[in-house]
Amino acid sequence: MNASAPSTATLAEMANAIRFLSMDAVEKAKSGHPGMPMGMADVATVLYTKFMKFDAKTPRWADRDRFVLSAGHGSMLLYALGYLTGYEDLDIDQLKNFRQLGYRTAGHPEFGHVAIADTTTGPLGQGITNAVGMALAEAMQAARFGSGIVDHYTYVIAGDGCLMEGISQEAITMAGHWKLSKLIVLWDDNHICIDGDTSLSTSDDQAKRFAAAGWNTLACDGHDFTAIERAIEAARKSDKPTLIACRTTIGKGAPNKCGTEKVHGAPLGADEIKAARDAANWPYEPFVIPEHVLAAWRAAGARGASARADWDGRVAKMDAAARDLFTRTNEGRLPDGWQSVISDFKKKISAETPKVATRKASQDVLEVVTAAIPEMIGGSADLTHSNLTDTKACKPSIKPGEFAGRYIHYGIREFGMAAVMNGIALHGGFVPYGGTFLIFANYLWPALRMTALMEQRVLFVLTHDSIGLGEDGPTHQPIETVAALRATPNTLVFRPADAVETAEAYEVALLNASGPSCFALSRQNLPTVRTTHTDDNLTAKGAYVLAEAEGKRQVTILATGSEVSMALEARALLAEKGVAAAVVSMPCWELFDRQSKEYRSKVLGEGTVRVAVEALTTFGWERYVGLDGAVIGMTGFGASAPADKLYQHFGITAQAVADAALARL
């Protein structure tokens, strides 16, 4: 430290460090959002220096407080905090290369890129909803292991955009209902959105809105350090989740542009930054933080080390079994021997050959795996008895203030459910699964996309998977939905043909710790097509020959789900005509595409006529059947009628499959 430098930094100086790092990084990148980091710098300084429980040198400490920058466009706030407090993966070079290829400082914070990011944010509203999941996970873990081991808060910085998005209502309703008292939202109440003043588009009284949902509401001057501190102190004492409306000026510190939309999403420009430096008496070059200010921030980053060390000591004194469970679940490792229940289940099904809907098969599989894997947390968006997602092991349900159970009633909030499940997974310690109708994956898809982007193990149980659901009609028949899910990177989509494939799909999904899995499950009963037991997980290959041709193969019939048994019928019809056909079950395209070229070629039957059948859109099947192949499926929306009538009406039949093959021989 220079002899002439002050011995200690003021909070104002520490906040200005955030402001100028944000200005400089956005200016150098010629891209970004300086206004929010500048406006919320004072709030963030109080939070991180006086309240946040964290250790910058042990960034993934399980009992750290969680921080969600829901207004993810203001990412430089997070990156500045990471650099200033001493996170090793955020050195000054990262800030100097903000938004540049090959650097961790992406335009919006990404989980797994920088340790300070507890979630990926940017799609507004999802961050605050992830935070609800994190706070719920904290409460559930505390119920299992005690407050001596699990005792942390979840803090959120949210902007007007987060609160305008509809998902925010789902989030605050769930949090208020569950009484998640350790969730604190710091609202950047700056009255500015991209188009201008928020009065252009909203007249909501946010405090009343949150209060109506069961929240504690407070307000403070977001540039008064004492007022901010008092508000957070009061929030931490509440028995409800708390909204703190922090009245701020967007772009605080920019003399000519602050308080306007001009500072929201564009560099300030060299002249305005010079004026800001002069006004703040900040005579330092870009990206230079004076030693006394950096020292104060680094002390804040190290402040939690003693609390973390004390916590380590308490964990060491836990009962051995409880400690092993806590450690294993936080590390995301499944218990030893759990796969034996899958093998036993498959043997039973192959021997008994039941005719059941795959949604019921899913419940039967969940019964055995939730009993074997205690960290699995179930739920449904108010369709429990249609999705069949409840199990004996997951009882009782989570209720307000009662968090020892393993089943969550999300209400009719598909988007919120998915984003909360993301938060639970990100928090650590649990494997969430949740159900709704497959058609309503269209409601939750933006959150599922984030699951895939963040590589989180979340299971989506999506029932009523085709025109086979029948009388509910085209509003509920998901013609195009599976194709959309299949198009989502890093996502496994399973459409199992029977209970055996359903069990195998769950095994693969639980082993897949780097992305979501979706189960497209039938309402109608399906016959068991896997009548010979094998220990091998054939579904893990994505596709396999279920029934080989008798003689030299001439035709290959490809099918998924409820149409696999139809394909077997078509194979028999072709045999009557002297045509040798094989049936390939394709429960998961993504897994099949990962197999070797040799395996894929063998399964698809090079040189044979190929016909695919699926009671969904035909889109995508051309990659497997080729230009000369045929696809039997839907080219429009469905209709309201009993399932068997619909299959006949739309020409999705065994005879249609056989005829298409014969026409191409």
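Colleague: Is Arg623 buried or exposed?

Modeller: This is a predicted model, and in it Arg623 counts as exposed, because its relative accessibility is 53% and the cut-off for that class is over 50%. Its partner in a salt bridge is Asp593, with the closest N and O atoms 2.9 Å apart. Asp593 lies in helix 23 (residues 589–593) and Arg623 in helix 25 (residues 622–625), so this pair ties together parts that are 30 residues apart in sequence. Asp593 itself is partly exposed, with a relative accessible area of 31%.

Colleague: How many salt bridges does the structure hold, and which residues are linked in a network of them?

Modeller: The structure holds 27 salt bridges, and a network of such bridges links Asp465, Arg486, Arg495, Glu563 and Glu614.

Colleague: Where do Asp118 and Arg64 lie?

Modeller: Asp118 and Arg64 join their side chains in a salt bridge of 2.9 Å, N to O. Asp118 is in the loop between helix 5 (92–96) and helix 6 (126–145), while Arg64 is in the loop between helix 3 and strand 1 (66–69), so the pair ties together parts 54 residues apart in sequence. Asp118 is buried, with a relative accessible area of 6%, and Arg64 counts as buried at 6% relative accessibility.

Colleague: How does one look for cavities, and how many of 30 Å³ or more are there?

Modeller: The general idea is that rolling a probe the size of a water molecule over the atoms shows where empty space is left. Here the count comes to two cavities of 30 Å³ or more. The largest cavity contains about 70 Å³ of space, and its lining includes both Arg64 and Asp118, along with residues such as Tyr48, Met52, Phe54 and Tyr87. By class, that lining has eight nonpolar, no polar and three charged residues.

Colleague: Which residues line the second largest cavity?

Modeller: The second largest cavity, with about 40 Å³ of space, has Phe67, Val68, Leu69, Leu78, Pro109, Ile116, Ala117, Asp118, Thr119 and Thr121 as its lining. Strand 1 gives the largest share of this lining, three residues, and by class the lining divides into seven nonpolar, two polar and one charged.

Colleague: How many residues of strand 10 are buried, and which strands pair with strand 10?

Modeller: As a general idea, in a regular strand the side chains alternate between the two faces of the sheet. Strand 10 (residues 431–437) is mostly covered, with seven of its seven residues buried. Strand 8 (residues 376–380) pairs with strand 10 in the parallel sense over three bridges, and Ser380 stands opposite Gly435. Strand 11 (residues 459–463) also runs parallel to strand 10, joined by five bridges, and here Thr436 stands opposite Leu462. Between strand 10 and strand 11 the chain passes through helix 19 (residues 441–454), and this β-α-β crossover is right-handed.

Note on methods
Residues are numbered from 1 along each chain as its sequence is written. This is a predicted model: local features need pLDDT of at least 70, side-chain atom pairs count only at pLDDT 80 or more; totals for chains, interfaces and linings use all residues. Side-chain values use heavy atoms; hydrogens and water are left out. A salt bridge is a side-chain nitrogen of Lys or Arg within 4 Å of a carboxyl oxygen of Asp or Glu. Helices (H or I, at least four residues) and strands (E, at least two) are DSSP runs, numbered from the N terminus. Buried means under 20% relative accessible area, exposed over 50%, partly exposed in between (1.4 Å probe, protein chains only). On a 1 Å grid over the protein atoms alone, a cavity is a set of points where a 1.4 Å probe fits but cannot get out, and a pocket is an open set with protein on both sides within 12 Å along at least five of seven lines; lining residues have an atom within 4 Å of a point. Grid points are joined across faces, edges and corners, and a volume is the space filled by probe spheres set on the points. Ala, Val, Leu, Ile, Met, Phe, Trp, Tyr, Cys and Pro count as nonpolar, Asp, Glu, Lys and Arg as charged, and the others, Gly among them, as polar. Two strands pair if DSSP finds at least two bridges between them. A crossover is right-handed if, with the strands pointing away from the viewer, the path from the first strand over the helix to the second runs clockwise.
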